[in-house]
Protein chains: 2
Amino acid sequence: MTIYDISKKAGVSIATVSRVLNGSTNVKPRTRKKVMDIIEQYGYKPNAFARGLGLNSMKTIGILCADASDLYLAKAIYYIEQKLRENGYHSVLCCTGYDIEAKKESVNLLLSQHVDAIVMIGSNFIMNTPEDNQYIKDAAATVPIMLLNADFDCNNVYCTLCDDYKATQDATEQLINGGAKDILYLYNSNSYSGLKKLAGFQNALLTHDIPLKKQFMQCFKGSHEDIDGVKGFVESLHAKGLKFDAIVTSDDFLAVGSMNFARANHIKVPSELQVIGYNNSILSHCSEPELSSIDNRLEDMCIQLVKTLIGTLTQNEMPQKTIFSGELIKRGSTRI
Amino acid sequence: MTIYDISKKAGVSIATVSRVLNGSTNVKPRTRKKVMDIIEQYGYKPNAFARGLGLNSMKTIGILCADASDLYLAKAIYYIEQKLRENGYHSVLCCTGYDIEAKKESVNLLLSQHVDAIVMIGSNFIMNTPEDNQYIKDAAATVPIMLLNADFDCNNVYCTLCDDYKATQDATEQLINGGAKDILYLYNSNSYSGLKKLAGFQNALLTHDIPLKKQFMQCFKGSHEDIDGVKGFVESLHAKGLKFDAIVTSDDFLAVGSMNFARANHIKVPSELQVIGYNNSILSHCSEPELSSIDNRLEDMCIQLVKTLIGTLTQNEMPQKTIFSGELIKRGSTRI
DNA sequence: GATTTTATTGTAAACGCTTACAACATTTTT
DNA sequence: AAAAATGTTGTAAGCGTTTACAATAAAATC
């Protein structure tokens, strides 16, 4: 069933059918109805390829994320997909993993598919070296690139992010002001934002004239699923004699793992050990006590990202950077 | 940059370039190299629309799920996307929500995009009435439909599922054999599998001559995020005077909410109340004690689903139904 | 070396749509 | 009522591929 079949049955030209389908130009109401009825009757659906070929756009946005099974990324996908659909766009998803080559390949794939824009979810798309980030610049030469929770200066690259640095600094300072002495910072590899948060943590200590010690900033290298691994990791630090009365983390799963460690070692939370998570995910409602966690306003960010995206695609001038402020949501795992 | 540009620069016809790109037919090695070099040099990427128009396939699989932010569904997306990519396919994602109309619309969208197959993740794609399921049959007339964790008899529809019925029955029987007397079953709306699990629960009771009581089978209507809501829900049952010494659930978040209820009411788990979750998700590692949960082998199912899918697309005869067995993973929330 | 067979390449017709432009019909203006 | 303006529709030329078929080149056979 093609546009020709419909045009024949409706007794009009294919151009008219096309016009009815696209709704743009004027079609006489009676003609429109006639065509619509035929379309309805035969359940005709235009071929998206042919349409894409003609328009060179398929109203499709490519979404990249390292790992859709990560709680946080999954939620972002959900929000963004939903908002895009509300705007008449749909999305092609690629989970790239954390390897740079896979990311580059995925970008190429999306470009060859002529997506109208590419959304990259998570700071792990930004690498340490300019050469490794060249792929973003290259892609930006073709389509707008929207980064969620990552910061990158480049024309046609739009960033929507949360000031993780400040949020972590604030939370840490609250702990310090509340009397915490030895604060352990726990982050996971896999992302730039972990380092940003770390910087915020360090700045909080420096502001209060607390010397930075390397062993108080630990990177957990395992997966975001491996809560037991985190527990073991913290346990090993503890066994080595490291003393801490608070833990600030870059992700809720690290915090939950830390709390499991505490429980197993009969360390009371929050009286003997305070714990702060990040992302304010569902995990923060599962532990006992519930987890204080930094909320970085994911939904707001996603809404904003799509708004900027649609604006850009419709030729409006859009701000290249939108920064939200995170906020510590206090629950039972802290005394502050 | 089109295939014409490349053909001109390489001094061959577009057909030869196309053959090089598709690798199928014979091309003289020297010619191939010459063309490849030009392609490399100019970074040429074929236009996916035109290709799709020609081939009427874009090596794309449509993935539907109600809500990518659901832990379980997100993991499934992840596994499936990954496996598909390994097989040279990519995926278009649509999150449909739980509304039937939205689902139908999404299916149409995917069909108009000429996806090679559609994967539906979750039992919520199966409705209660045959009319409401017609959309699946219609879609199956065009492309193979792969259902994950749902059961539907129809030509060209392939189901990969876990025997939730039996898994729940087994787990419940284990509780009964372990001495549990008043077992509450807690499920969430939104899915057929919840009802299947419920049936398994009921069968376990019947097998042990325990009369079924309506108030011991409760449906939580809130979101999968709303752990506090679950807690309140169980609390209200408790306040109404319902006595239970075990809770079997259809999802880990219900189990975690139940445990939060128990803690708040100083009911000891597992000595006074045993709790069993479903999905064996990350949530089962967050609570204290850790949650016993039924594992329904999601990864295995996803691997199998993609295997069946690829087989079907390559014209191999594939089993229409593959059923895995779930298994109770015992942790601290049960005494069995 | 002529003939047959096989490997390689080119030509041209789809694929199903959009849209500029032309043609025609209708309404408004004079 | 003719002329001009406007509204509606049709014609045909792309869009960038794939691929059947034809044409040519190379290899094998006689």
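**The interface of chain B and chain A**

Across the interface of chain B and chain A, the rule finds 13 residue pairs in polar contact, both residues at pLDDT 80 or more. A polar contact is a pair of N or O atoms within 3.5 Å; within protein, one must be able to donate a hydrogen and the other to accept it, and residues adjacent in sequence count only if both atoms are side-chain atoms. The model is predicted: local features need pLDDT of at least 70, side-chain atom pairs count only at pLDDT 80 or more, and totals for chains, interfaces and linings use all residues. Residues are numbered from 1 along each chain as its sequence is written, chains are lettered from A and ligands numbered from 1 in the order in which they are written, and side-chain values use heavy atoms, without hydrogens and water.

The rule also finds 4 salt bridges across this interface (a side-chain nitrogen of Lys or Arg within 4 Å of a carboxyl oxygen of Asp or Glu). In a salt bridge, Arg263(A) meets Glu288(B) at 3.4 Å, N to O.

In terms of contact (heavy atoms within 4.5 Å), 50 residues of chain B touch 50 residues of chain A. The two chains bury about 4,500 Å² between them, with 63% of it on carbon and sulfur atoms; this is the accessible area (1.4 Å probe) lost on being put together, summed over both parts. On the chain B side, Phe49(B), Ile282(B) and Cys286(B) lose the most area to chain A, together 15% of what that side buries.
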